[in-house]
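Here is a friendly walk through one protein model, with an eye on its charged residues. Please keep the structure open as you read.

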Amino acid sequence: MKLVSKYNDLKNLAKTHINELPVDIRQKIRDRAISNVEKNMIAYGRTLNDITESDYEDFVCNEEEKIWKEIKSKSFNAILLIFFGVSL
């Protein structure tokens with residue numbers, strides 16, 4: 001019974017939009033996105049002074065979406081693996 005409950009939670013997670021998540025989870029995703037953007041900027045030899053504030057916000061927003069899609073795909077893969085023995 002507990003496994004079915006976890007399945008439903010994962011299933012609902014895959015359907016949820018990032019804006020519908022609790023604030024603390026969205027903040028963790030945003031923190032990770034900011035960290036990733038800063039790492040990418042360092043890798044490309046850029047600093048915050050090299051880009052505008054709106055560009056920085058766009059980069060962070062795009063990175064948040066990438067992280068959320070990754071989380072959802074991992075949830076979907078977990079469902080497939082647990083219930084059907086399928087691995088992508």
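Predicted model: local features only at pLDDT ≥ 70, side-chain atom pairs only at ≥ 80, totals over all residues.

Arg-26 counts as partly exposed because its relative accessibility is 30%, where buried means under 20% relative accessible area, exposed over 50% and partly exposed in between (1.4 Å probe, protein chains only). Arg-26 belongs to helix α2; helices (H or I, at least four residues) and strands (E, at least two) are DSSP runs, numbered from the N terminus.

Residues are numbered from 1 along each chain as its sequence is written, and side-chain values use heavy atoms, leaving out hydrogens and water.

**The overall picture**

The protein has three helices and zero strands, and along the sequence its pattern reads α-α-α. Of its 88 residues, 20% count as buried. Contact means heavy atoms within 4.5 Å; among contacts between residues at least 6 apart in sequence, 61% join residues at least 24 apart. The protein exposes about 6,900 Å², and carbon and sulfur atoms supply 55% of that area. Accessible areas come from the Shrake-Rupley method with a 1.4 Å probe, and for residues only the protein chains shown count as cover.

**Salt bridges**

Side chains of opposite charge can pair when their charged atoms come close. How many salt bridges does a search of the whole structure find? The search finds two, a salt bridge being a side-chain nitrogen of Lys or Arg within 4 Å of a carboxyl oxygen of Asp or Glu.

| Salt bridge | N to O distance |
|---|---|
| Arg-30 and Glu-64 | 2.7 Å |
| Glu-63 and Lys-66 | 3.4 Å |

Arg-30 is partly exposed at 37% relative accessibility, whereas Glu-64 is buried, with a relative accessible area of 10%. Glu-63 and Lys-66, on the other hand, both lie in helix α3, three residues apart, about one turn of the helix.

**Around the bridging residues**

Asn-36 lies in helix α2 (residues 23-43) and is buried, since its relative accessible area is 18%. Leaving aside residues up to four places away in sequence, Asn-36 touches Glu-63 and Ile-67. Asp-31 is also placed in helix α2, and at 42% relative accessibility Asp-31 is partly exposed. From C-alpha to C-alpha, Asp-31 and Glu-64 are 9.0 Å apart in space, and they are 33 residues apart in sequence.

**A charged patch**

Which residues form a negative surface patch? They are Glu-53, Asp-55, Glu-57 and Asp-58. Patches are made of residues with over 30% relative accessible area and no salt bridge, like charges being joined within 9 Å and nonpolar side chains (Val, Leu, Ile, Met, Phe, Trp, Tyr) within 5 Å. Asp-55 lies in helix α3 (residues 53-84), and Asp-55 counts as partly exposed because its relative accessibility is 33%.

Technical notes. Lys, Arg positive; Asp, Glu negative; His and termini not counted. Charge placed at Lys NZ, Arg CZ, Asp CG, Glu CD.
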